[in-house]
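Subject: Structure for you to look at

Hello,

Here is the structure I promised to pass on. Please open it first, then read my notes below.

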Amino acid sequence: EISEKDGKIYLESVDDLQIVNGGQTTASIYFSMKDGLDISKINLMAKINIAKNVSEYELNSLISDISLYSNTQTKVSNVDLKTSNRELKLIKRISTSVTAPNGDKWYFDLARGEFSTLVRLKGNKKKLEKEYPKQRRFTKDQLGRYYTSWGDVPYLVKLGGVKVFRHFINSISGDGERKKPKEIDREFFTSLISKIILFRELEEIHGRGKNAIGQLRSSVIPYTISAIFNITNGNKKSLDFDLNKLWMNQGLDNSLRAYFHNLMSLMNDLIKKYAQSDDFAQYAKKEQLWKDIKNSSELVEFLKSVDTLKIIDKYGISKTGIESKKKFKDNYNFELI
């Protein structure tokens, strides 16, 4: 709503406002006022874009373009530009309402610096960091790596950055035509957290420095996870790995930790053996290495061992069992509530 007075146009009110550029400035003004500083004489230039009769896709594209072409203070990456993605927003929304069986909650830092701003808003850093410790917080770019690691492309996870994030976004958002977007619901979220738990616990088991399994941690972990994926969810004739058990336990039990320690030790040796370069970490970004390791007699033998069979027996769930759970879930009609 606008009004005119003495030949000048004044903005009276704005509905459905989103600040695309100016988050840092807005936060500075807010916290200055909160600290008792006089901000009444501050003037700021603002550009207001009015978007009428546009689709959600067109609006998100506009928001990304504004961020990309008008931000001069902070470098904006392609990962940052996906904050307005519909599926990411749904993950964020679900994360605020879902509590783990042990009472823990997970925090999705959708926009860069979001948690830091929340800490300043609440004014109780210790309480928030206790409620959401660092090991239960994750960002968009981390999410890309964790999600993609549970698949058959560990070399892509190793590439990291924009490439793995683009793969992640395309996987959950579809292409608008043939490939439909993923259904982002509670089940998707708990599965997502299970993948985060798996990745982060393997980081802990692998270790760093003198007590580490080796010096190829960033390569060994996604390659190890892909090896398990391939003999379970990636194999139509095999049982799936029941990720829900990781969600229920919020971690790995001792038997699983010991198993993954052995598998990562083997994977460390295999990367060194089959890499066609002395720069093992760099060569781990190539698909050829994964093909050679996946088909190697050493890995095939390990994945047929008694230890592997015990793990599959303990954590395996039939593919029909998973489908039955989904159908059972779909029978609920929450419209009545």
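This is a predicted model: local features need pLDDT of at least 70, side-chain atom pairs count only at pLDDT 80 or more; totals for chains, interfaces and linings use all residues.

Glu1, Glu12, Asp15 and Asp16 form a negative surface patch. Asp15 sits in the loop between strand E2 (8-11) and helix H1 (23-34). Its relative accessible area is 71%, so Asp15 counts as exposed.

Now the chain as a whole. It has 337 residues, and 39% of them count as buried. There are 17 helices and six strands. The accessible surface comes to about 21,200 Å², and 50% of that belongs to carbon and sulfur atoms. Take the contacts with a separation of 6 or more: residues 24 or more positions apart account for 68% of them.

Two residues have a backbone angle to check. Asp6 has a phi near 55 degrees, which is positive, and Asp6 is not a glycine. Look for Asp6 in the loop between strand E1 (2-5) and E2. Asp6 is exposed, at 75% relative accessible area. Asn53 also has a positive phi, about 55 degrees, and is not a glycine. The loop between H1 and helix H2 (56-70) holds Asn53. Asn53 is exposed too, at 83% relative accessibility.

Next, helix H3. It runs over residues 86-95 and is mostly covered, with seven of its 10 residues buried. Which residues of H3 are buried? They are Glu87, Leu88, Leu90, Ile91, Lys92, Ile94 and Ser95. What covers them? The cover includes strand E3 (107-109), helix H4 (114-122), helix H6 (140-149), helix H8 (161-173) and helix H9 (186-206).

Follow the chain on from H3. Thr99 is in the loop between H3 and E3. Thr99 is partly exposed, at 35% relative accessible area. Leave aside its neighbours within four places in sequence, and Thr99 is in contact with Asp104, Lys105, Arg186 and Trp247. Thr99 and Thr190 are 91 residues apart along the chain, and their C-alpha atoms are separated by 9.7 Å.

Last, the salt bridges. Side chains of opposite charge can pair when their charged atoms come close. The structure holds 11 salt bridges. Here are some to find:

- Arg136 pairs with Asp104, and the closest N and O atoms are 3.3 Å apart. Arg136 is in the loop between helix H5 (125-131) and strand E4 (137-139), and Asp104 is in the loop between H3 and E3, so the pair ties together parts 32 residues apart in sequence. Arg136 is buried, at 12% relative accessibility.
- Glu203 forms a salt bridge with Arg217, with the closest N and O atoms 3.9 Å apart. Glu203 is in helix H9 and Arg217 in helix H10 (residues 217-231), so this pair links distant parts of the chain, 14 residues apart. Arg217 counts as buried, at 18% relative accessibility.
- Glu287 and Lys291 meet in a salt bridge, 3.9 Å from N to O. Both are in helix H14 (residues 287-294); they are four residues apart, so about one helical turn separates them. Glu287 is partly exposed, at 39% relative accessible area. Lys291 is partly exposed, at 39% relative accessibility.
- Glu201, Glu204 and Arg257 are linked in a network of salt bridges.

Best wishes

Key. Residues are numbered from 1 along each chain as its sequence is written. Side-chain values use heavy atoms; hydrogens and water are left out. Patches are made of residues with over 30% relative accessible area and no salt bridge: like charges are joined within 9 Å, nonpolar side chains (Val, Leu, Ile, Met, Phe, Trp, Tyr) within 5 Å. Accessible areas come from the Shrake-Rupley method with a 1.4 Å probe; for residues, only the protein chains shown count as cover. A salt bridge is a side-chain nitrogen of Lys or Arg within 4 Å of a carboxyl oxygen of Asp or Glu. Lys and Arg count as positive and Asp and Glu as negative; His and the chain ends are not counted. The place of a charge is taken as NZ of Lys, CZ of Arg, CG of Asp or CD of Glu. Buried means under 20% relative accessible area, exposed over 50%, partly exposed in between (1.4 Å probe, protein chains only). Contact means heavy atoms within 4.5 Å.
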